[in-house]
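Welcome! Open your viewer, get ready to select residues by number, and follow along one stop at a time.

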Amino acid sequence: IMTDSFLVSIIVPLFNNKVQISNCLESILIQSYLNFEVILIDDGSTDGSKQIVDAYAKKSSKIKYYYQENKGVSNARNKGLKLCNGDFVLFVDADDYIDSNYIKNFLDSYKEGDDIVFCGLTKVLEGVAKVEVHIPKIGSFPKSEVLNDFMLFQREEGFYGFVCSKMIKTEILKNNNIWFNEDVKLGEDLDFFISYYSYCQRFRFIEGVGYYYIQNSSLNSKKNVDYLQLIVIQNKLEKMLQDANCLNRKNKAVIEVVKSDLKYAYFNEIQ
């Protein structure tokens, strides 16, 4: 049963997103579920984002705005986690937006005992094409059932590593001291969620693709990829599956392929 008694914290890291931040905040402020707070961490924007957010913060007491010197997105998200008061946490990036029933859909489906709730998402390419990424199954499942075929879906869509389209419990974060690793510059989302999944017993998957993830081809051309760091994350993932007794043949095979791809890329780059 959904009650308004749950407070939901939406953490929005912001860095020079003057053009997109209005659209993002508008989509949050029209949520049909009303008991939420927005923790907006401005990670040293210099493009006039502050003026826009200030205006929104004056309009809505739900928006709590914090400015800091630039320390990177993981630091900004960690600051948001330290400051949030909600029972649940959602991450929304400043250049993305959400459906008006985004929070409501999570809470309508949530049952006590669920440690994380997933929904699908919509990738918006260059503001035009929309690609829906659907979740692998619908319903509530014990950890072993989800982790047994974890790698196949992760390899296809990268889904379990997205920071968006997941509702997580503050209690699990606080009790187990789970934070973003600020030294990881690529794959930090997956790294964070591997830690989180280690403490989950039940996973719920729901219908819907109400998170709009804006893909910008020019931004996505990462210049320097730290392949060794990505291999370390795969090792951590392997250990998480092993600890859960879910490092079966399928999972192991996919991890091996991913790691050998990364090693190949790393050695090619050195040459």
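Is C24 buried or exposed? Select C24: its relative accessibility is 0%, so C24 counts as buried. (Buried means under 20% relative accessible area, exposed over 50%, and partly exposed in between, using a 1.4 Å probe and protein chains only.)

Before moving on, note that this is a predicted model, where local features need pLDDT of at least 70, side-chain atom pairs count only at pLDDT 80 or more, and totals for chains, interfaces and linings use all residues. Residues are numbered from 1 along each chain as its sequence is written, and side-chain values use heavy atoms, with hydrogens and water left out.

**Stop 1: the cysteines**

Stay with C24 and show its sulfur. The closest cysteine sulfur belongs to C164 and is 12 Å away, which is too far for a bond. A disulfide is a pair of cysteine sulfur atoms within 2.5 Å, and by this rule the count is zero. Now pick C84: the nearest cysteine sulfur is that of C200, 16 Å away, and C84 is in no disulfide. With 5% relative accessibility, C84 counts as buried.

**Stop 2: aromatic rings**

Next, look for rings that pair up. Rings of Phe, Tyr and Trp (its six-membered ring) pair if their centres lie within 6.5 Å; planes under 30 degrees apart count as stacked, over 60 as edge-to-face and the rest as tilted. By this rule there are 28 aromatic pairs. Select F192 and F193, an edge-to-face pair with 5.1 Å from centre to centre and 90° between the planes. Both of these residues, F192 and F193, are buried.

Why are F193 and Y196 separated by about one helical turn? Because they are three residues apart in helix α8 (residues 188–197). (Helices are DSSP runs of H or I with at least four residues, strands are runs of E with at least two, and both are numbered from the N terminus.)

Now bring in K166, which lies over the face of F193, 5.2 Å from the ring centre. A charge sits over a ring if NZ of Lys or CZ of Arg is within 6 Å of the ring centre and within 35 degrees of the ring normal. For another example, select K137: its charged end sits over the ring of F141, 4.9 Å from the centre.

**Stop 3: a loop residue**

Move to N177, in the loop between α7 (170–176) and α8. N177 has 57% relative accessibility, so N177 counts as exposed.

**Stop 4: helix α10**

Finally, colour α10, residues 227–243. This helix has 17 residues and reaches 24 Å from its first C-alpha to its last, close to the 24 Å expected at 1.5 Å a residue. Beyond its neighbours within four places in sequence, Q234 is in contact (heavy atoms within 4.5 Å) with M151, L190, I255, V258, K259 and L262. What covers the buried residues of α10? Show α5 (143–148), α6 (150–157), α8 and α11 (249–270), which are among the elements covering them. Just after α10, end your tour at N245, which takes a positive phi of about 60°.

Technical notes
Expected span 1.5 Å × (residues − 1).
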